[in-house]
Amino acid sequence: MQLQTQVSKWKADPFSLSSVKELPQCGVIQYARKIASIPARNDYRAETFEIDGSFYVMVVSYNDGSKHGIDSIIYRFDGNALEIYQSVATNGARDAKYFEINGQRYLAIAQYYGDRTSLGYGVNSQILKWRNKRFEHIQSLPTKGAYSVAHFNIENDTFIAFANLYDNSHSVNSHVYKWISGQFVLFQSIPSLGAISIKYFQIGNLQFIVIAHHYTGSTYNTDSKIYLWSGAQFEIFQSISTFGAYDVETFTSNQFTFILFANNYNQNTKSNNIDSIVYIWNGVKFEEFQSIASKGATDFQAFSACDKTYVAIANNYDGSSGEISSVIYNVNGAGLQPYQHITVANIIRWSAFTYGNSTYLFAGPSTTKISYLFKWVG
Ligand SMILES: [Ca+2]
């Protein structure tokens with residue numbers, strides 16, 4: 001079938017899981033691949049990994065509209081189709097990270113809410129290990145409404161860190177775990193307020209984590225925090241004023257390091273129409289670089305395609321509707337410039353990955369129970 005015919009067919013049937021959406025172009029039309037076998041559920045993001053020559057896409061799903069205790073699905077991906085490979089029992093899963101330690105393969109899954117176990121927000125998060133061509137549960141870690149997990153190495157040590165959002169209070173610690181003798185052991189507790197996103201990054205020899213703080217329990221207008229590794233632990237480095245921050249993203253372009261906070265809600269103006277802010281490392285600290293007009297922003301995702309750097313922002317809600325566009329920006333000397341609008345409603349998270357020479361974007365909307373996989377064609 002001619003691509004243009006496919007485009008027309010898919011456009012005419014936007015709820016067939018195979019809607020064509022427009023993406024920035026490197027010269028030819030962009031199109032979305034059909035996600036053939038994805039079940040109707042609310043997906044959050046996609047984590048990808050390659051094992052023994054096979055490429056896998058794990059779709060992290062947090063509920064099916066009525067319960068959080070559902071499976072997240074690992075698909076095998078060949079560049080054209082997603083084939084169900086393994087179902088993983090999860091509880092309100094919000095994030096997953098794949099990593100390797102000494103040649104062994106693991107997944108850390110951040111779990112937000114457990115109605116399988118009646119533990120609610122106190123549900124454990126979990127560590128899985130690849131054995132006999134499957135991921136198996138090997139460890140539970142006590143988290144509190146965990147929303148995000150980061151993995152990083154410092155010298156020869158492996159760490160993971162969870163952003164904990166809520167358990168009867170938004171004032172809950174977030175936790176850094178260190179891998180010791182075959183398991184993760186609590187390494188450091190970090191006071192946080194509705195922690196919703198955590199990232200690790202390096203600038204030269206400096207090692208940072210940054211935690212987006214979403215809500216204090218009484219206001220969305222609160223500081224998010226950047227922490228610097230002291231050689232022994234993470235210590236507070238800089239506070240950034242944020243507004244219902246929903247995500248923090250970092251990327252490097254042209255040797256400059258940027259931090260982006262997706263702001264979701266301004267308590268003072270009671271509005272979702274609040275700019276999201278890009279910060280740049282000035283050699284001493286992070287300073288404000290650019291304001292990005294956004295509407296109930298929930299995510300930034302940086303990625304490369306066609307040898308250029310792009311950033312996708314998820315605009316989730318404008319205060320009355322989620323039927324709004326999300327935007328892909330290209331990054332150049334002038335900063336982030338709008339490049340293309342993506343007309344999928346209520347996107348809550350973007351995930352980007354590379355398979356072969358192609359870049360793919362996964363969009364998980366927060367309401368429609370349809371996720372989209374875009375392929376960047378150029
Ligand atoms: Ca992100």
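These are numbered notes on a predicted model of a single chain.

1. **Confidence.** The mean pLDDT of the chain is 88. Of its residues, 89% reach 70 or more. Over residues 1-22, pLDDT stays under 50. The model has 30 contacts beyond four places in sequence for that stretch. Residues 27-37 also stay under 50. For them the model has 39 contacts beyond four places in sequence. Where pLDDT is low, the predicted coordinates should not be read in detail.

2. **Overall make-up.** The chain holds 28 strands and one helix. It has 378 residues, and buried residues make up 48% of them. Take the contacts between residues at least 6 apart in sequence: 42% of these join residues at least 24 apart.

3. **The core.** The largest nonpolar core has 112 residues. Which members touch the most other members? They are Ala161, Ala163, Ile209, Leu260, Val311 and Ile313. Strand β3, residues 54-63, gives this core its largest share, six residues. Several of the core residues turn up again in the points below.

4. **Val311 close up.** Leave aside residues up to four places away in sequence. Val311 then touches Leu260, Phe300, Gln301, Ala302, Tyr329, Val331 and Leu336. Of these, Leu260 is also on the list of core members with the most contacts to other members.

5. **Strand β11 and its neighbours.** Is β11 enclosed or open? Six of the eight residues of β11 (residues 157-164) are buried, so the rest of the structure largely encloses this strand. On one pairing, β10 (residues 146-154) runs antiparallel to β11, with eight bridges between them. Ile154 stands opposite Asp157 of β11. The β10-β11 hairpin has two residues between the strands, and Glu155 takes a positive phi near 50° there. On the other pairing, β11 meets β12 (residues 171-180), antiparallel, over four bridges. Phe162 has His175 of β12 as its bridge partner. Six residues lie between the strands of this second hairpin, where Asn168 has a positive phi near 70°.

6. **The β14-β17 sheet.** Four strands make an open, antiparallel sheet in the order β14-β15-β16-β17. β14 (195-203) and β17 (234-243) are the edges; each has a single partner strand, so one side of each lacks a neighbour in the sheet. From one strand to the next, the twist averages 20°. Inside the sheet, β15 (residues 206-213) pairs with β16 (residues 221-229) over four bridges, in the antiparallel sense. Ile209 has Tyr227 of β16 as its bridge partner. Ile209 is also one of the core residues that touch the most other members.

7. **Strand β20 and its neighbours.** How many residues of β20 are buried? Five of the six (residues 276-281) are, so β20 is largely enclosed by the rest of the structure. Four bridges link β20 to β19 (residues 256-263), and the two run antiparallel. Phe258 is partnered by Ile280 of β20. Val278 stands opposite Gln290 of β21. The hairpin of β20 and β21 has four residues between the strands, and Gly283 takes a positive phi near 100° in it.

8. **The β22-β25 sheet.** A further open sheet has four strands in the order β22-β23-β24-β25, with antiparallel pairing. Which strands stand at its edges? They are β22 (297-305) and β25 (335-342), each pairing on one side only. Neighbouring strands here are turned by 25° against each other on average, direction ignored. β23 (residues 308-315) and β24 (residues 326-332) run antiparallel and are joined by four bridges. Ile313 stands opposite Val327 of β24. Ile313 is another of the core residues with the most contacts to other members.

9. **Reading the strands.** Strands of a sheet pair through backbone hydrogen bonds, either parallel or antiparallel. In a regular strand the side chains alternate between the two faces of the sheet.

Definitions and conventions
Residues are numbered from 1 along each chain as its sequence is written. This is a predicted model: local features need pLDDT of at least 70, side-chain atom pairs count only at pLDDT 80 or more; totals for chains, interfaces and linings use all residues. A residue is buried if 20 or more other C-beta atoms lie within 10 Å of its own, exposed if 12 or fewer, and partly exposed in between; C-beta atoms are placed from the backbone. Two residues are in contact if their C-beta atoms, placed from the backbone, lie within 7 Å. A nonpolar core is a set of buried Ala, Val, Leu, Ile, Met, Phe, Trp, Tyr and Cys residues joined through C-beta atoms within 7 Å. Two strands pair if DSSP finds at least two bridges between them. Axes are lines fitted to C-alpha atoms, for helices over the stretch in contact, and angles run from 0 to 180 degrees between N-to-C directions. pLDDT is the predictor's confidence in each residue, from 0 to 100.
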